[in-house]
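Please read the following account alongside the sequence and the three-dimensional structure.

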Amino acid sequence: MSDAHANDRRTALRICPLCEATCGLALTIEGTRVTSARGDQDDVFSKGFICPKGASFGELDADPDRLRTPLVRKDGRLQEATWDEAFDAIAQGLRPLIEAHGSDALGVMLGNPNVHTMAGGLYPPVLLTSLKVRKLFTASTLDQMPKHVSSGLLFGDPFAIPVPDLDHTDHLLLIGANPLESNGSLCTAADFPGKLKDLKKRGGTLTVVDPRRTRTAKMATRHLAVRPGSDALLLAALAYTLFDEGIVELGDLGAYVDGVDQVRSALGEFSPEAVAPACDIAADEIREVARELAGAQTAAVYGRIGSSTVEFGTVTSWLVDVLNALTGNLDRPGGALFPLSATDKAPRPAAPGKGFALGRWKSRVSGHPEAKGELPAAALAEEIDTPGEDRIRAVITIAANPVLSAPDGHRLDEALDGLDFMVSVDPYLNETSRHADVVLPPPPPAQSAHFDFAFNALAVRNQVRYTRAAVPLEEGLLQESEILSRLILAATGMHGMPAEAVDRMVIERALGKAVEDPHGQVHGRDPKELAEQLAGDSTVEQRLDMMLRLGPYGDGFGAHPEGLTLTKLLAHPHGIDLGPLQPRIPQLLKTRSGKVELLPEPIAGQLPRLAATVDRPHDSLVLVGRRHLRSNNSWMHNVHTLAGGTNRCTLQIHPDDARRLGLHDGAQARVKGDGGEIEVPVEITDTVRTGVVSLPHGWGHDRPGTRMSVAHRTPGANYNQLLDGTRLDVLSGTAVLNGLPVQVAPTGASL
């Protein structure tokens, strides 16, 4: 290395955007290039923890396959264009369609990476509101929507999601979760593995429910290898046991709960003895787990994607919090608590709210009810390719690759090809964005500021951190905030206005609303005077400053001088610790009753259906997904250091099932499901229970026209091609990705 480069070496801080753990990174910068990444030892949240994804930050940042200029389709081919040409094309191609056919002609698909960027948290809501979009599809209905729906029904707010108090609990029951691989999900916890080790060191109990002996299950005090899809039956039997043995104890929560007796009655058919054959867990063991849960000084039940993406995902998510409530551990230190982020609304007096409603509108083709303003991602293809005046004619995708992540990618592939117009905001030309008429690439993450709006609201400890861009914006690129602002302006008929106009509009509206709130800190003040106080180097930072100052820890624009502002946050580059989670359920409830409504009517309506599954035959193989520590759905497969090794797309199968089917380790197998058939290498392992096969999600990088060279060399097989989109969790519209019946045979054999 030359002396010039050595003298140019410096360290910059950056919050990692590659999973939900949000670890602090210390980046080594040489010139404008990230040459290494290590954990920030002084980060108030992660304290130096880092995983392989974070360590690969520099390679991902410099990926030569990343797009660095917009693409515009000309003469049927995507070609490089200027930014002005790209937004002109959007104004000329998208806006006339909306004016001619209305907002229902537009579908918007948002992918998971949106919540990993600052701009992704700020601008899509403005786009959706401005265009009155009702055909919204997101990764939530491929992942977490059951938890939003159950929280909405229980607490009146779909974003009121309790998380386990990992640092203080004595007993943790995990169902469908593998945080040693995922780093946690809907539970933001840097060094989740370390927190589980600490739990066991202090004499605590870790119970893991999973059909696979995952790395997390190997740590467990008790591992229940449940039959996939029977999660709700198992949790219902645990709740039944609490009632049956008289060990229900709500504690202080009792004053805020309605419906305990109704839950007792509704679960009357779910005794351990009744559900044991369906779960393949002995009745005595189910009862023992319930007693341990109730007998622990503090305990928490936590369920994630394996228990969400099943036929009764919403019921399972509901039962997680029913168990937390019945054992007195909901909203209790050491149990499951509700985080309070720095950009949340400031606490207000407890009072009944408007509640949460499902099915306010329905999808055009199959009549799927909306949930949290969204339609099932599985319905996107049919909403495009089914003729009719209200069909989707144009699509905007932002950080989304539904051709790989949604059911029946072949159909969606063809449907996207038939659109009148499509825009993709994406750093890659991938299996979805290759269909776009305009592709708008955001800059590499080192060139962007970072603040976690979503994940701070799910963190196991209240804290706030903000990092500015580690290196200057590369010439010719635009910040993602400007890209999305200009997209909003072009789509809403305001093309040509400065990008900052979007932020100024949001600030004006937000402050105008804040000064009219009689419970707010700035009630009665002049919004223009407040706007003039906002700090920041950009209108984006001014929006952040406004949110911090109006938030629960904020200075209230001078009302609390010691409170939080952007200026104060910038003075603490490693973040500010805001303390452990605290009980706060009276203030957060937004149900019509003002209480936790423990048995909402939509849930009660599903319990007879659940009871009917007890007698289903279980003679077929069922498929479950899996996560790898060095992967994140479909968007981490183009980083060379994260590819290969154990991060492979293989079909894991138990030795007994392999012998029965004539399968050999490393050989190809055919797998057939409702939506199609794939071929995949076999991996024989006893870490998966008999009757179950496992395949990772997000692979299938073999379509032509993409520019992802590393992923294309080892494409894998697309899990979701085994689905036809008809299997959904009824209440949330979430695709059933786990517990699917499949047929498996050696390549060349008949199915």
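Two strands are taken to pair if DSSP finds at least two bridges between them. Helices (H or I, at least four residues) and strands (E, at least two) are DSSP runs, numbered from the N terminus. The model is predicted, so that local features need pLDDT of at least 70 and side-chain atom pairs count only at pLDDT 80 or more, while totals for chains, interfaces and linings use all residues. Residues are numbered from 1 along each chain as its sequence is written, and side-chain values use heavy atoms, with hydrogens and water left out.

On this basis, four strands build an open sheet with parallel pairing, in the order β11-β10-β9-β13. Its edges are β11 (222-224) and β13, each of which pairs on one side only. From one strand to the next the twist averages 15°; for such angles, axes are lines fitted to C-alpha atoms, for helices over the stretch in contact, and the values run from 0 to 180 degrees between N-to-C directions. Within the sheet, β9 (residues 171-175) and β10 (residues 205-209) are joined in the parallel sense over five bridges.

Between β2 (residues 24-30) and β3, the antiparallel pairing extends over six bridges. Thr28 stands opposite Ser36 in β3.

Relative orientation is classed by angle: under 35 degrees is roughly parallel, over 145 roughly antiparallel, 65 to 115 roughly perpendicular, and the rest oblique. Helix α14 (residues 272-279) and helix α15 (residues 283-295) have axes that come within 8 Å and cross at roughly 110°. α14 is therefore roughly perpendicular to α15. The passage of α14 over α15 is a right-handed crossing; a crossing is right-handed if the near helix is turned clockwise from the far one by less than a right angle, and left-handed if anticlockwise.

Helix α8 (residues 145-155) packs against helix α17 (residues 313-326) at an angle of about 55°, with the axes 8 Å apart. These two helices are therefore oblique to each other. α8 likewise passes α17 in a right-handed crossing.

What empty space remains inside the model? Rolling a probe the size of a water molecule over the atoms shows where empty space is left. On a 1 Å grid over the protein atoms alone, a cavity is a set of points where a 1.4 Å probe fits but cannot get out, whereas a pocket is an open set with protein on both sides within 12 Å along at least five of seven lines; lining residues have an atom within 4 Å of a point. Grid points are joined across faces, edges and corners, and a volume is the space filled by probe spheres set on the points.

A search of the whole structure finds six cavities of 30 Å³ or more. The largest cavity holds about 110 Å³ of space, and among its 17 lining residues Lys147, Pro162, Tyr302, Gly303 and Val320 are the closest to its centre. Helix α17 provides the largest share of this lining, four residues.

The second largest pocket has a volume of about 670 Å³. Its lining comprises 34 residues, with Pro228, His618, Val622, Gly739 and Pro741 nearest the centre. β26 (740-746) is among the elements that each supply at least two lining residues, and β26 gives the most, with five.
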